[in-house]
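Could you walk me through this protein? I'd like a plain tour, from the overall build down to a few details.

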Amino acid sequence: MTWVTWRQLRTQALVIFGGLAMLAVAAIITGLQIRNVANGCAAPTDCNLLVGIATSNYVWMELLLRGATLVVPVVTGMFLGAPLIAREFETGTYRMAWTQSVSRTRWLAVKVLIVGAASVLASGLVSWITTWWFGPDDSLQMDKFVDATFGIRDVAPLGYAAFAFAVGLTAGLLFRRVLPAMATTLVVFVAARMMVQMLVRQRFATPISATFAFKPGPGGSVKAGLIPDGSWISSEQIFDPSGHPVRELRFGPGDACVATNSCLNGYTQHVEYQPWNRYWPFQWTEFGLFLAIALVLIGFCFWWINGHRLPGSGPRVARTAAPRSDDERTANGQQAAPRGAVESNQPRLMGVDR
Amino acid sequence: MTWLAWRQFRTQAIVIFGGLLLLAIPTVITGFGTRHWVTACATSATCLGNGAPAQQYMMRFGWLQVLLGGALLVFPAVLGMFCAAPLVAREFDNGTYRLVWTQSVSRVRWLTVKIAVVGTATVLATGLLSWMTTWWFGPSDSLEMDKFIDSTFGIRDVAPMGYAVFAFAVGLAAGVLIRKVIPAMATTLGVFVVVRMVFQMVIRAHYAAPLTQSGPVVGPGGDVAVKIGNNLPPGSWVVTLRFTDAAGHPTGIIGGPDAPCSADNSCLNGITQHLVYQPGSRYWPFQWTEMGLFTLLGLLLIGFSYWWITGHRLPGRAPRPAAARSVAGPATVVATRTIGRAPEARDDQSRAHDEGTLSPSAPGEAHTSA
């Protein structure tokens, strides 16, 4: 079974990991040059500029790594997860695969373990390369939670990969056709990823609230120095001196208070933020959330694959049918296609093979 | 034939255009909202900055920005993968090519109608999405100086339609050559991404000979005149920025905090900078060139698909006679003629042989013969 799975995965695995190897070679060569610059500069202020320049010398590499980490999870979900079961249905080979001595549960377990692990591994590798390559540049960034980087660094992409694989698997099992399953995987993944990024992620932990008074004087930037560097500000609200929220500050150059910089006297600002030291808890939460959904979906697949009639088998015989062998009985006692139905398939199978 | 092409494309068309319609609803609503703020600000004295409230309004719909930009970026590739790659490959994968190519409709006509219906629909869908995106981002784009930047050039105006033609053609050609749906889809994705990146990073800058402005880095008053960029025409794309020293040799980063010249700010004395740029007025010529080049590549690939589909042996045929194999021209004619023959005319033995070799990927065939 392991050998069959590997044999069927071989081409895809070669393409994916071959592509990753090529990407890794380019990333290591250019990444080491950036590191040379980063190690060579003495003063931190100088480093900002030099590392920035060194990184921007390799715009193509930046684009390639960003793009790859962003799409590799969904691509493996589409190309490895979705056809896993759907292709068996579409080509009719499920009849052979599921009438061997290997039970459907074991068949699926081996498939999920090997192909799923390969998907997650691919995303893990590309995320590792990307995180390493952007290391010097990231260390200069203040906010590590920005949408542009959070989902393509460290462990979050592994969770996405597991999720995309599970969505592909489930869609393939439900639709039984490859192309609709792949399209569904793409849409569901993008929707889930966007929802979590825009709505859910900021609720992983209760944000810290703080209220500051605007200081008189020019500028009026109150957050600087009061909120730890690298924090993720999830909401800001300005209140006027009487405590009402202000939707929009309306001061023009003609107002008298502009001359004395007193326009904002008495105003306060309410800020909610996630401090920078929650970065790793947030990464693990993001990873765990997507992984948990993936495991639920995979569990659903195991339940569904055992408990449902397959296309092309005879109509299910009423409950009086003889029980099947042990390994084909599902956990909840529901029975898959009765043995008689499977056996009635044999002449047709042989007719195909001729 | 048109009806058949439509019938087979129906589901995809409903999903694609239904999705576009769903996306159009928030786009239209918020797009008019932005425009409301733009006009309100034009007549109001209390607006801070140029169009700031409109910008703030747009910022509230960050998800729509991501959705529109992301959708248009991947749309051509996705359509090429899901509509074009299976167009021919699926016929091979299912074995249905034997049925469709032995009807009274010639293969050329079959392919023409398919391309006309499916190809037009994919380009049209991309054009609609690009139109929506361009319109929605209009107010903020008008504030941008550089219209050539990579993050917007390829997802505005007409360029995406060229990408759609190209992605469709890549999918078609990959399907014709590989004859299997999933590898053809993967190839479409890979080829499209690579070609798009190469054009964006290497080729686009050469559509027209760039102009150059040179000047000293340090101006007459001793202030650093890196502001030379201010003299460029509006919306220019600075392709490269080079520095040469007093002797005219190219030079890189000069000095550093430890260099002695840093103390008296003399590091940049005598250094000339050269700005190589494309003026903003070339935006539309560049858009049309980008679209034209991708369309041209697409048409070449489509032409190749026609040539290949009519001139080649199909899988499952009896081996070609040895004599014919050595000569290219007559062999092509022989192959075309044999394929034109009705399946009934073939003897049972070769038919069984065909199905035996193809049975794992031909369920439809298996059912009919059972």
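This is a predicted model: local features need pLDDT of at least 70, side-chain atom pairs count only at pLDDT 80 or more; totals for chains, interfaces and linings use all residues.

Residues are numbered from 1 along each chain as its sequence is written, chains are lettered from A and ligands numbered from 1 in the order in which they are written, and side-chain values use heavy atoms, with hydrogens and water left out.

Let's begin with chain A, which has 13 helices and 4 strands (DSSP runs numbered from the N terminus: H or I of at least four residues for helices, E of at least two for strands). Of its 354 residues, 44% count as buried, meaning under 20% relative accessible area with a 1.4 Å probe, protein chains only.

Now look at the strands. In chain A, β2 (residues 232-239) runs antiparallel to β4 (residues 268-274), joined by 7 bridges; strands count as paired if DSSP finds at least two bridges between them. Here I233(A) sits opposite Y273(A). β2(A) also pairs with β3 (residues 245-246) of chain A, again antiparallel, over 2 bridges, and F239(A) faces P245(A) there. β2(A) and β3(A) make a hairpin with 5 residues between them, and G243(A) in the turn has a positive phi of about 90 degrees.

Over in chain B, V88(B) touches W101(B), W110(B) and L172(B), among others, leaving out residues up to four places away in sequence; touching, or contact, means heavy atoms within 4.5 Å.

Methods: Buried means under 20% relative accessible area, exposed over 50%, partly exposed in between (1.4 Å probe, protein chains only).
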